[in-house]
Amino acid sequence: MSGKIETRKFLIDDYGAVAELWKRVEGLEIAEGDDKESVAQFLVRNSELSRVATDRSTIVGAVLCGHDGRRGHIYHLAVDPRYQGIGLGKRLVDECLHGLSRAGIQRAIILVAHDNPRGREFWKHCGWEEIPGAMAMGKDV
């Protein structure tokens with residue numbers, strides 16, 4: 001760790017390193033829509049919102065962030081295990097929330113897997129709350 005971690009916009013050229021990071025982080029599930037082409041489309045539609053953290057030239061954190069005009073959505077927050085516990089995940093999330101606020105978005109939503117207790121604790125520690133009476137659902141199209 002160099003001691004100087006910088007954050008910036010997630011560029012599609014970062015995809016390879018970020019995909020490798022996603023594989024190393026416990027509790028993060030890679031699924032359909034996480035391929036390079038799909039992420040490229042997401043980044044175009046949500047310019048400036050997704051972030052990466054770098055230690056020199058190495059990507060050590062990443063998060064996807066976007067919105068539908070009404071609600072913000074944060075996906076795949078990942079911090080290299082060697083960099084966890086120093087506030088980097090919260091820093092990336094705060095930058096996403098700031099970007100969503102600038103876009104006029106007032107509420108953001110995340111999905112956290114039931115079998116990811118560490119992730120649930122992180123999000124609760126950052127002030128997120130479970131949505132009572134709601135259940136995540138999906139359907140392939």
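Modeller: Start with Glu95 and Arg91, whose side chains meet in a salt bridge, 3.8 Å from N to O. Keep in mind that this is a predicted model.

Biologist: What makes the contact between Glu95 and Arg91 a salt bridge?

Modeller: The rule asks for a side-chain nitrogen of Lys or Arg within 4 Å of a carboxyl oxygen of Asp or Glu. The N to O distance for Glu95 and Arg91 is 3.8 Å, so the pair meets that rule. In general, side chains of opposite charge can pair when their charged atoms come close.

Biologist: Where do Glu95 and Arg91 lie?

Modeller: Both are in helix H3, which covers residues 88-102. They are 4 residues apart, about one turn of the helix.

Biologist: Why are Glu95 and Arg91 called partly exposed?

Modeller: Partly exposed is the range between the buried limit of 20% and the exposed limit of 50%. Glu95 has a relative accessible area of 21% and Arg91 has 32%, so both get that label.

Biologist: Which residue does Glu6 pair with?

Modeller: Glu6 forms a salt bridge with Lys4, and their closest N and O atoms are 3.6 Å apart.

Biologist: Why is Lys4 called exposed, and Glu6 partly exposed?

Modeller: Exposed needs over 50%. Lys4 has a relative accessible area of 54%, so it passes. Glu6 has 42%, so it counts as partly exposed.

Biologist: How do you know that Glu130 and Lys124 form a salt bridge?

Modeller: Their closest N and O atoms are 3.2 Å apart, and the cut-off is 4 Å, so the pair counts. Glu130 is exposed because its relative accessible area is 57%, while Lys124, at 41%, is partly exposed. There's a joined-up group as well: salt bridges that share partners link Arg24, Asp80 and Arg82 into one network.

Biologist: How many salt bridges does the count come to?

Modeller: By this rule, 11.

Biologist: What about charges on the surface: which residues make up the patch of negative charge?

Modeller: Glu29, Glu32, Asp115 and Asp140 gather there. Asp and Glu are the ones that count as negative. Take Asp115, which sits in the loop between strand E5 (108-110) and helix H4 (117-125).

Biologist: Now the opposite end of the scale. How do you know that Cys96 is buried?

Modeller: Buried means under 20%, and Cys96 has a relative accessible area of 0%, so it is buried. Cys96 lies in helix H3. Cys96 and Ile74 are 22 residues apart in sequence, with 7.8 Å between their C-alpha atoms.

Biologist: Why is Leu28 called buried too?

Modeller: Its relative accessible area is 17%, which is under 20%, so Leu28 counts as buried. Leu28 belongs to the loop between helix H1 (15-24) and H2.

Biologist: What makes the phi of His76 stand out?

Modeller: Most residues other than glycine have a negative phi. His76 has a positive phi of about 55 degrees although it is not a glycine. His76 is found in strand E4, residues 72-79, and is buried because its relative accessible area is 18%.

Biologist: And what is the phi of Glu48?

Modeller: Near 80 degrees, again a positive value in a residue other than glycine. Glu48 is in the loop between helix H2 (36-45) and strand E2 (51-55). With 45% relative accessibility, Glu48 counts as partly exposed.

Biologist: Let's zoom out. How do you know that the radius of gyration agrees with a compact globule?

Modeller: For 141 residues, a compact globule would have a radius of gyration near 14 Å; the protein has 15 Å, so the two agree. The C-alpha trace spans about 45 × 30 × 30 Å along its principal axes, and buried residues make up 38% of the 141.

Biologist: How many helices and strands does the secondary structure come to?

Modeller: There are 4 helices and 5 strands. From the N terminus on, they run β-α-α-β-β-β-α-β-α.

Terms used:
Residues numbered from 1 in each chain as written. Predicted model: local features only at pLDDT ≥ 70, side-chain atom pairs only at ≥ 80, totals over all residues. Heavy atoms only, no water. Patch = residues over 30% accessible without salt bridge, like charges linked within 9 Å, V, L, I, M, F, W, Y side chains within 5 Å. Areas by Shrake-Rupley, 256 points an atom, 1.4 Å probe, with all protein chains shown as cover. Charge placed at Lys NZ, Arg CZ, Asp CG, Glu CD. Helix = DSSP H or I, 4+ residues; strand = E, 2+ residues; numbered from the N terminus. Buried < 20%, exposed > 50% of the residue type's maximum accessible area, 1.4 Å probe, protein only. Rg over C-alpha atoms; globule rule 2.2 N^0.38 Å.
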